[in-house]
Structures are given as C-alpha cells and as structure tokens.
Amino acid sequence: MRKFPRLIALNILVVVGAAVMVFPFLWALVTSISPGAGLSATPQLVPENPSLSAYAELLQRLPFVQIVLNSLILAVLTTVFQLATSSLAAYVFSRMPFKGRNAVFAVYLATMMVPLQVLVVPLFVEMKSLGLINTYLGVLLPGIASAFGVFLLRQAMNSVPTDLDQAATLDGAGHFRIFGLIVLPLVRPALATLTVFAFLNSWNSFLWPLIILRTPGMKTLPVALAGLQGQYTTQWDIVMAGSVVSVLPMLALYIFTQKYIIQGVAGTGLK
Amino acid sequence: MTTVGNSKPGILSVTNARKLNPAPIRRKAAPRLRYALTVGLFLLPSALPLLFFTIVPMVSAFWISLNQWNLVGPMKWVGLDNYARLVTDPGTQGAFLHTVYYIVGYLPLVYSGGLAIALALNTRIKGRSMLRGLYFLPVVTSWIVVALVWRWLLNPSTGIVNWLLGLIGIAGPGWWTDPAWSMPAIILASAWKDLGFVMVILLAGLQAIPEELYEAATVDGAGPWRRLFSITLPMLSPSTFFVIVLSLINGFQVFDQVYAMTGGGPNNSSQVVVQQIYDLTFRYGKAGEASALSWLLFLFILVITLIQVRGQKKWVNYA
C-alpha cells in the first residue's frame, strides 16, 4: 500500500523534469514563428500570427545555406579522418606488438588531457605561419586525429578474439587484409559510437573555428549564431530561428543514433 | 614463450601464437622491415597530427609564456615575469574566483538533479528509454544554441522565466544583465545542459548494483532512505567519482556558455579563466600572458585531478 504514492511521486518527478528539459527547445521553436517576439512583456504561449518571416529574414541577411554547408562538410570530413586515423592506430595498439608500444600509447593518452585552451595561441601562430588562417584546412587539421578515438577502438579491438586473425594468416592474409576484412567489420558498434561523437563534436565546436575563420561566409554554424545575437539584440525571433535551424540536423542524427551515444557515454563511466 | 612478441617472426607455431593475446601475426618474406613499415604506416596518420597539433603547440605555449609578445611584432624575453604578474593581477584572481564560484554552484546542482532522475529511471517506470533520450538531448546540443536559448528564457524584461515568476508574485532578477545574477544564470543553463550526461553515467552505475543487496537490506528492515545511504550511494561511488573528476576538469575550462551568454560581463562579474585567456590574446594582444595563464590553468587542473585520484581510496568503493 505504501508503495503506491511513492511511484506516483517518482512519475511526477520524471515527467516534470522531462518537461523542463524539452521546454526550452519548444519555446525556441514557438518564438521563431512569432514575429516581434521580445517586444512585449507578456509572452505569447501560442503565437497569434504564426509566420516563417524570421526564417526568411535569416536566409536573406546571412549566407545561411553556405554556413550550414560549411559546418556539414567540416563535420563529415573530421569524422571520416578520425575514423581512418583512429582505427589504423588502434589496430597497431591491439594487434601489432613492438618495443616501446606501451610508451607510445601512453603519449597518445596524455594528449587527451591537454585542454584546447592551452594550445590556442601556439596553434594560431602555427596556422598563421602555414598560411592557413581563414581557411577550412586550418579548421580541419587539428581535428583529424583523436586520441579518444584510438582509445575507444583499441578497447573494442581487444575484445575481438584473435582466432580469426590466425586463420586468415594461415591463408596468407597480411595485416592490411586482416584489418580491413576481419577486425574492422567486427568493431562496427564502436565505429558507430566514434562516428557520432566525432560528428557532434565538430558540428558543435566553437572556440577553434571562432579563432581561425574571419570571412562571414566561411563561418560555421555556432560561430555565425553567436554573431547573430550581437546584430539583432532584440529580434529574438530571428535568433531563435537560427537556433532551431542549427538544432534540426543534430536532432535528426540524434534520434537515429541515440543508442550508440548513450551506450558510449555510459561505458566511459564504468571503466 | 614470454619473449615471443619480439622474437623472429615466421617461426611461431599456430598453437603457441594462439595462447597470446594480442597475438602477433607475421609474414614470411623480409619480415622485420616489412613489419616495421606496416606499423609506421598504420601509426603515422594519427601520430603526425597529434605531434604537430598537440605536442608541439603544448611545448611552444610554454616558450611563448616566457616572452612578451603581441602576436605580430618580435618577441621579448621576460622569463617568468608573465607568471609573476598574473598571480598578483586582480583581473586574473577575479577570473579564478568566478570559475570556482561556477563549479561550486554547478556541481551540487547537476549531481543531485542527475541522481534524482537516475534513481527514478532505475525503476520499472513506463517509457524509460524515451525519457532517457529526452534528458540527454541538451547534452548533444551545441553550447551556443543552449546559451542563446537561455539568454532568451532569462531575458530580464521579456523572458518567460521572469514572467512565470511574476505570476506567483516574485519580481525576477536581472539575470545576465545584473552583476549579482550573471553567474547564477550561467550555472542554471550549464546544469540544465549537463544533467542528462550525469544521469546516464549514474544510471549505468545504478544498474550494476546487485539486486540481492537491496533484498537482504529489506529483510533486515532497512527503509528506503536507509537503503539509499547505506547501499546505493556507497555502491555508486565509482560513478560519482568519475562525475566529479570530469566536472572539475571541464568546469575549470568553462568558456563557450560564458562567451555566448555574458561575454564575461556585466562589469566582469562572470569573467572566467578561459575567457580571460581569449581576451588577453585576441583583445589585448598579450599572447605571452595568455600562454602563461593557459599553463597555470593546465597545471592547476592536473594537480586537482591528481589529488582526487590519490584521495579516492578514502571514499570510492571498487567492488
């Protein structure tokens, strides 16, 4: 009998909490279709004259399609590079012993602990001397390898039994073929986790693109968005329209890959 | 047998090799050179970027920190002057204090919220995985979007939060326009964004606690609160430890939300360390001081993390 009210209390807690989580997104959406939002002190919970004019204005004032494409291309390239470089390195750390391998692996892990902020000034200088300021290559290069990715994939490869490798070796397969045809297909879930993390990290990254990109048309979505609020201090419908546009692709990816993201995060806490 | 990993390749029998994990796989012709080349070919695509874009900049940041430099002109050697100046500079001290303020406000909020939801979702509640997905949604959202949306929610005159507060007769504060409320506004938005992350970590920890412990405690007459404090929290300590270590590492590097919500203002009331590094470099042209501050921050985080790893024996239970 006493269990009943507790269950109700739990349900209320969870549902109210979920509402608090979702409300800001909904409110951004509602604001984005309410022209003139931000001018009156009484918020319109249901927009009286819903209109997409904020989106139209956004498209007009900013090279918005270009900016979304910038972010998308950079995120895809970063992801592809990280998958390639990380899986190759992970294969060595899992399958190809050599003297000093543990030390090399330790150096890889150590680079995970260096915060980007420490690197910002010298990286900027490095890019400047390479002539890569205000170029996509300059944004891309520091992110093409990921120690986290190497670590994640090595863990996965270590849990793949080596019997298959042995059989393939007897059949005359070399490391390239064992890597590509045997090990990689068997660590697909970990590759999926890394894909999602790499993509989202690049899609959401702010500090580095903010520093390296100057031309407005070259900016990435987060950087352009941060610039929006300075230009339109009271035009919240436009700022929120920009936010909605930048959330949508992320949301689409999230809905389909939620499982891998949450598994990946839950797994990191248990190690 | 034990040195097999580095001995002559090609002479291993399969039965021996199978006992090793990870097992070396070698080919017959010119094996050593070929093997070394393969290792190099596999490692270089990640080793070179990490070397040039992490390790080299890390070292040159230290070099820059020993100089006075405005990013354009020639460098001027000043030794440890930058460090000395930063330690006594009121602006930097303020930035450190605000960062600590942020962590002290953020961590209890995000931990208790995450724990409450994790406990609730660890029951046979309906729609569990959908709810978990909802709570996690802000985690994958870009900080800039979150900051903009929260600036709008917490708008002092036209924001919906102050309007709701007004309905119950409370005059809402000025949030990010008021020096006393700018930090609480940032803390609130940050806790909202990270709650789902903490929840997922704690939920994974909760699910690893054996059910028998609770059954035994119930038989012994322990009530729900007793079970929480005597079983759940101690058994959850590894996850809690992970959350705290990570929150402190990230908390000292807090930047995106500050930049987008307040820019460190008003009146420097929310100026944090990384914002200070950014301003020193790109607003005041003091790259030397900025690099010194970066190194101080890095060392500070390292020491704090090491202290926690040392101290974990006292309270973290690894089953």
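A:R61 is partly exposed, with a relative accessible area of 47% (buried means under 20%, exposed over 50% and partly exposed in between, using a 1.4 Å probe and protein chains only). The model is a predicted one, so local features need pLDDT of at least 70 and side-chain atom pairs count only at pLDDT 80 or more, while totals for chains, interfaces and linings use all residues. Residues are numbered from 1 along each chain as its sequence is written, chains are lettered from A and ligands numbered from 1 in the order in which they are written, and side-chain values use heavy atoms, with hydrogens and water left out.

The partner of A:R61 is A:E57, and their side chains meet in a salt bridge at 2.3 Å, N to O (a side-chain nitrogen of Lys or Arg within 4 Å of a carboxyl oxygen of Asp or Glu). The two sit about one helical turn apart, because A:E57 and A:R61 are four residues apart in helix α2 (residues 53-61) of chain A; helices (H or I, at least four residues) and strands (E, at least two) are DSSP runs, numbered from the N terminus. A:E57 is partly exposed too, at 22% relative accessibility. Over all chains, the rule gives four salt bridges. Another of them pairs A:D165 with A:R95, with the closest N and O atoms 2.5 Å apart. This pair ties together distant parts of the chain: A:D165 belongs to helix α8 (residues 163-170) of chain A and A:R95 to helix α3 of chain A, 70 residues apart. Both A:D165 and A:R95 are buried. In chain B, B:R283 bridges to B:D279, the closest N and O atoms being 3.7 Å apart. Here B:R283 is exposed, at 58% relative accessible area, whereas B:D279 is buried at 4%.

Now to the interface. Chain B puts 93 residues in contact with 97 residues of chain A, contact meaning heavy atoms within 4.5 Å. About 8600 Å² is buried between the two chains, and carbon and sulfur atoms give 76% of that area (buried area is the accessible area, with a 1.4 Å probe, that two parts lose on being put together, summed over both). Helix α2 (residues 31-65) of chain B supplies the largest share of the side of chain B that touches chain A, with 21 residues. Zero salt bridges are found across this interface, but 12 residue pairs are in polar contact, both residues at pLDDT 80 or more. A polar contact is a pair of N or O atoms within 3.5 Å; within protein, one must be able to donate a hydrogen and the other to accept it, and residues adjacent in sequence count only if both atoms are side-chain atoms.

Back in chain A, A:S71 is part of helix α3 and is buried, at 3% relative accessibility. The side chain of A:S71 reaches the backbone nitrogen of A:L221 at 2.8 Å. Leaving out residues up to four places away in sequence, A:S71 touches A:W203, A:T220, A:L221 and A:P222. A:V196, in helix α10 (residues 188-204) of chain A, is likewise listed as buried, at 4%. With the same exclusion of residues up to four places away in sequence, A:V196 touches A:T257 and A:I261. The C-alpha atoms of A:V196 and A:Y254 lie 8.4 Å apart, although 58 residues separate the two in sequence.

Chain B has its own enclosed element. Helix α6 (residues 143-153) of chain B is largely enclosed by the rest of the structure, because 11 of its 11 residues are buried. Among them are B:W143, B:W150, B:R151 and B:W152. B:S142 caps the N-terminal end of this helix, with a side-chain oxygen 3.1 Å from the backbone nitrogen of B:I144.

A few backbone details stand apart. Most residues other than glycine have a negative phi, and most peptide bonds are trans. B:G265 and B:P266 are joined by a cis peptide bond, with omega about -10°. B:P266 is in the loop between α12 (256-261) and α13 (273-282) of chain B. A:N134 has a positive phi of about 65° although it is not a glycine; A:N134 is in the loop between α5 (116-129) and α6 (136-140) of chain A and is partly exposed, at 23%. B:L71, also not a glycine, has a positive phi near 80°. B:L71 is in the loop between β1 (67-68) and β2 (76-77) of chain B and is buried, at 13% relative accessibility.
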